[in-house]
Amino acid sequence: MKTLRACVLLVPGLLLLPVCGNCAIAADAPPIVESFLEKGQLADAEVALTKRIAENPDDEQAQFSLGVVQFLQAVEHLGQSYHRYGLRLSGLTSLASREIPLLRLPIPKNPHPEEMTYEAGSKLIETFLDELAVAEATLAKVDTTDVKLPLHFGRIRLDLHADGNADDNEALWRLLAAVTGRVDQAAGENFLITFDGGDVHWLRGYCHLLSAFCEMSLAYDGRELFARTGHLFFANNKSPYDFLTEKSEQQGGWFNDDLFDLVAFIHLINFPVVASERMPRALAHLEAMIEQSRQSWKRILAENDDDHEWLPNPNQTGVLPNVRVRQEMIDAWHVFLDEMELILQGKRLIPFWRGDQKTQARGVNFRRVFTEPRQFDLVMWVSGTGAAPYIEDGPLTDSRVWQRLLRVFGGEFFGFAVWFN
């Protein structure tokens, strides 16, 4: 189980990049998209694939390739925006970035960043959301019954500098190596994944998951958080508090800028609702993600080949070394999906953590958090009063589901959940 944690990295909470020391290269001719991806020419790839699909509407590999390219473009454009504004990933910010999926891109340092404003930050999230929708719509047109897309994933380049030249330093294997220190050039460049119909649904599920994060972010007003702690994330953020970027002379003990900023950050997770219509959209994306996961595993379980599988069934060998997917894992995952769906439907409640839990069958209706959004105050939610409007009497989520997940996956459930989608 520990191998999975060492072999999988979410970039940026978007893609899973494996670490493999001995990865075979397919003898078949590479798909037309691969030469574009190896040069970082995503825009050219989109043009070429769009033309090919117009001439050959039944070319499912080209349709799949176009969806992958559009997804990578969304990631690349987000990374370029972060580079433009000088995203900082160090200290406390590095810790926060591991919990915020959209901050996980390994962005090159920009010595001359543009001034970051709250409005600019909101705009880049909106753009990312729109581009995810385009990619998902393209992938939805793929007939998943008979499609394969073999790609040497580590050779793909993203132009994160936005200079029109995706150089060797922007190859995905090198970005991964910089983060993990576990990948050499030969292994990274030879890493082959043969994506198939199950992976189409897998990537569509990730589009929906990331879209849900975007919608939730845009539903609330984080202006005060940005004004008072934005300097933690951006090297040149616009704030009325210029002294926040000045290093205090007296450091040590209780006089610690990082400690003060951390307290302020937690305190300021208190967001008014500014676009309530976005929360039901986020809910719809989460529900769609669950359905795509079901469809993904339906396709995967029906496969009888064994060709560099990204997500293998129990009779296949996956590309992740020393990681086997057992049938009991897939069965437990489907039970988890069913339970999560019931929670999102409001038919199962999350146990309330305050008061007499032995005699009170009360819980939080998580669906109403999306359908009846209110100001979100993290501290008040932890204390219980923030959740009070959503407390109901009713059936609670089945504890046996969560116990089963712990038994089957052990301490690796989160890693498998990120992988399984």
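A salt bridge is a side-chain nitrogen of Lys or Arg within 4 Å of a carboxyl oxygen of Asp or Glu. The legends below use the term in this sense, and the model they describe is predicted.

**View 1. Arg400 and Asp398 form a salt bridge.** The side chains of these two residues meet with an N to O distance of 2.9 Å. Arg400 is exposed because its relative accessibility is 60%, whereas Asp398, at 23%, counts as partly exposed. Elsewhere, salt bridges with shared partners link Glu291, Arg294, Asp338 and Glu341 into one network. The structure holds 20 salt bridges.

**View 2. Thr397 lies in the loop between strand 9 (391-393) and helix 16 (399-409).** Thr397 is buried, with a relative accessible area of 14%. Its side chain makes a polar contact with the side chain of Glu339 at 2.6 Å, and another with the side chain of Trp402 at 3.0 Å. Leaving aside residues up to four places away in sequence, Thr397 touches Glu339, Ile343, Arg348, Leu349, Pro351 and Trp402.

**View 3. Glu339 and Arg348 form a salt bridge.** The N to O distance between their side chains is 4.0 Å. What is the relative accessibility of Glu339, and is the residue buried or exposed? At 5%, Glu339 is buried, because buried means under 20% relative accessible area. Arg348 is partly exposed, with a relative accessible area of 26%. Both Glu339 and Arg348 are among the residues that Thr397 touches.

View 4. The three strands stand in the order 6-7-9 and pair in the antiparallel sense. Strand 6 (350-351) and strand 9 are the edges, each with a single partner strand, so one side of each has no neighbour in the sheet. Two bridges join strand 6 to strand 7 (residues 362-364). In this pairing, Ile350 stands opposite Val364 of strand 7.

**View 5. Strand 3 pairs with strand 4.** Strand 3 (residues 148-152) and strand 4 (residues 192-196) run antiparallel and are joined by five bridges. Lys148 has Asp196 of strand 4 as its bridge partner. Strand 3 is mostly covered, with four of its five residues buried.

**View 6. Helix 17 (residues 413-420) is mostly covered.** Six of the eight residues in this helix are buried. They are Phe413, Phe416, Ala417, Val418, Trp419 and Phe420. After helix 17 comes Asn421, whose phi is positive, near 55 degrees.

**View 7. A nonpolar patch lies on the surface.** Leu262, Ile266, Val379 and Met380 form this patch and together have about 290 Å² of accessible area. Helix 11 (257-267) and helix 15 (378-383) each supply at least two of the patch residues. Met380 is in helix 15 and counts as partly exposed because its relative accessibility is 35%.

**View 8. Arg223 and Asp221 form a salt bridge.** Their side chains meet at 3.7 Å, N to O. Arg223 is partly exposed, since its relative accessibility is 39%.

**Setting of the views in the chain.** The chain contains 17 helices and nine strands. Of its 421 residues, 49% count as buried. Among contacts with a separation of 6 or more, 76% are between residues 24 or more positions apart.

Notes: Residues numbered from 1 in each chain as written. Predicted model: local features only at pLDDT ≥ 70, side-chain atom pairs only at ≥ 80, totals over all residues. Heavy atoms only, no water. Patch = residues over 30% accessible without salt bridge, like charges linked within 9 Å, V, L, I, M, F, W, Y side chains within 5 Å. Areas by Shrake-Rupley, 256 points an atom, 1.4 Å probe, with all protein chains shown as cover. Buried < 20%, exposed > 50% of the residue type's maximum accessible area, 1.4 Å probe, protein only. Polar contact = N/O pair within 3.5 Å; in protein donor to acceptor, adjacent residues only side chain to side chain. Contact = heavy atoms within 4.5 Å. Pairing = 2+ DSSP bridges.
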